[in-house]
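Open the model in your viewer and keep the selection tool at hand. The tour goes from one pair of elements to the whole chain.

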Amino acid sequence: MESQDKVLVCRDCGKEFLFSAGEQAFYAEKGFQNEPTRCRNCRAVRKGAPASSDSGPSRTLFAAVCSECGKETQVPFKPTAGKPVYCRECFQKRGSRAPAGRRSPAYHD
Ligand SMILES: [Zn+2]
Ligand SMILES: [Zn+2]
C-alpha cells in the first residue's frame, strides 16, 4: 500500500497545495475521513486568528459605581438600588476576608 503525493486546491485562497504521502498517512492514522480543504498557509491563518468576533454571546454589562472605593465599574447584573455593588478588586478583597453571611453593620465587634 503506497500513497502518492496529491495536489489539492485550497478552498480559501484557491491555490494548489500538496497533500503529501506522509500527510495522507498521518490523516489515515488519525482516522480523518476528509482530505484537507485548505493549504498550510490558510490553516495557519485560521488557527492563529482571534475568534473573539463570533465566539459566544457577549454578556451585557451594566455600569455601576463601587460602593467600597467609588470607582466606576461594570457588573454582569443590573445593580439594585440600595444594594452595594463592588468592583472586581473590592469584590475579591471582600470575598477572601469575610464569609458571605449577613452581619448587622450596627455592631462593631
Ligand atoms: Zn490557501
Ligand atoms: Zn472598589
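Two strands pair if DSSP finds at least two bridges between them. Helices (H or I, at least four residues) and strands (E, at least two) are DSSP runs, numbered from the N terminus. This is a predicted model: local features need pLDDT of at least 70, side-chain atom pairs count only at pLDDT 80 or more, and totals for chains, interfaces and linings use all residues. Residues are numbered from 1 along each chain as its sequence is written, while chains are lettered from A and ligands numbered from 1 in the order in which they are written.

Select residues 6-9 and 16-19. These are strand 1 and strand 2, antiparallel and joined by four bridges. Pick L8; F17 in strand 2 stands opposite. The two strands form a hairpin with six residues between them. In the turn, click G14: its phi is positive, about 75°.

Move to residues 21-30, helix 1. Is it buried or in the open? Zero of its ten residues are buried (20 or more other C-beta atoms within 10 Å; exposed is 12 or fewer, partly exposed in between; C-beta atoms are placed from the backbone), so helix 1 lies largely in the open. G31 follows helix 1, with a positive phi near 80°.

Now select V75, in strand 4 (residues 72-75). V75 counts as partly exposed because it has 16 C-beta neighbours inside 10 Å. Leaving aside neighbours within four places in sequence, V75 is in contact (C-beta atoms, placed from the backbone, within 7 Å) with L61, F62, A64 and V85.

Finally, show the whole protein chain. Three helices and four strands are there, in the order β-β-α-α-β-β-α. Of its 109 residues, 3% count as buried.

Technical notes: Contact = placed C-beta atoms within 7 Å.
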